[in-house]
Amino acid sequence: MPASTLTLRPARAADAPAMLAIYRPYVEGSIISFETEVPSLDDFSARVRKYLAGWAGVVAESEDGQLLGYAYGSAHRERAAYRWSVETSVYVAQGAQRGGVGRQLYTELMPRLAAAGYCNAFAGVALPNDASVGLHQAVGFRPIGTFPRVGYKFGQWRDVAWFHLPLRDAPADAGVPERATP
């Protein structure tokens with residue numbers, strides 16, 4: 001599907017079932033997610049509400065209203081000094097990859113995170129994953145290192161490459177970004 005036919009909008013809690021349907025194959029059949037069990041709809045919905053309350057999330061819809069992907073920010077780490085940094089993720093529906101959906105989602109998400117006061121975006125990419133590495137670099141993320149053998153899935157150790165994208169030079173004047181409580 002050409003990315004030009006997409007509608008990008010803020011994610012809503014009601015999107016959780018469609019988002020979980022997109023996420024499921026990444027858990028069940030790939031190393032892209034390090035989860036080994038698909039979360040229940042209740043658990044996934046709670047995650048979505050948390051991400052939307054504390055950071056930001058966006059979805060891509062086709063002309064007929066079908067969700068084709070989503071991207072969101074979440075806590076980079078829990079300690080207070082990390083509060084200006086965010087970890088980002090993007091997931092695109094099977095059959096809609098490599099059509100610009102991920103790029104458009106990230107292009108929509110990053111200014112929202114910057115406007116919320118976040119200064120740095122970080123993304124981890126389970127390796128090998130040339131498509132995700134290419135996407136992150138295409139939207140301006142730069143590689144900063146690799147955690148070797150950090151995850152074990154499908155009987156093999158997996159490395160995770162880390163990427164950084166500056167969002168703004170200094171925290172927003174409004175103070176500490178609000179975050180959802182765990």
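The largest nonpolar core takes in 47 residues, and Tyr70, Met110, Leu113 and Leu167 have the most contacts inside it. Such a core is a set of buried Ala, Val, Leu, Ile, Met, Phe, Trp, Tyr and Cys residues joined through side-chain atoms within 4.5 Å, with buried meaning under 20% relative accessible area (1.4 Å probe, protein chains only). The model is a predicted one, so to speak of local features takes pLDDT of at least 70 and side-chain atom pairs count only at pLDDT 80 or more, while totals for chains, interfaces and linings use all residues. Residues are numbered from 1 along each chain as its sequence is written, and side-chain values use heavy atoms, leaving out hydrogens and water.

Leucine 167 touches Val86, Met110, Leu113, Ala114, Tyr118, Cys119, Asn120 and Ala121, leaving aside its neighbours within four places in sequence; contact here is heavy atoms within 4.5 Å.

On to the strands (DSSP E runs of at least two residues, numbered from the N terminus). Strand β7 (residues 156-166) pairs antiparallel with β5 (residues 120-126) over seven bridges, pairing being at least two DSSP bridges between two strands. Glycine 124 sits opposite tryptophan 162 of β7. Strand β6 (residues 142-153) also runs antiparallel to β7, joined by eight bridges, and phenylalanine 147 has valine 160 as its bridge partner.

As for helices (H or I runs of at least four residues), α1 (residues 16-29) and α2 (residues 41-54) pack at about 105 degrees, their axes 9 Å apart. Axes are lines fitted to C-alpha atoms over the stretch in contact, with angles from 0 to 180 degrees between N-to-C directions.

Conventions:
Buried < 20%, exposed > 50% of the residue type's maximum accessible area, 1.4 Å probe, protein only.
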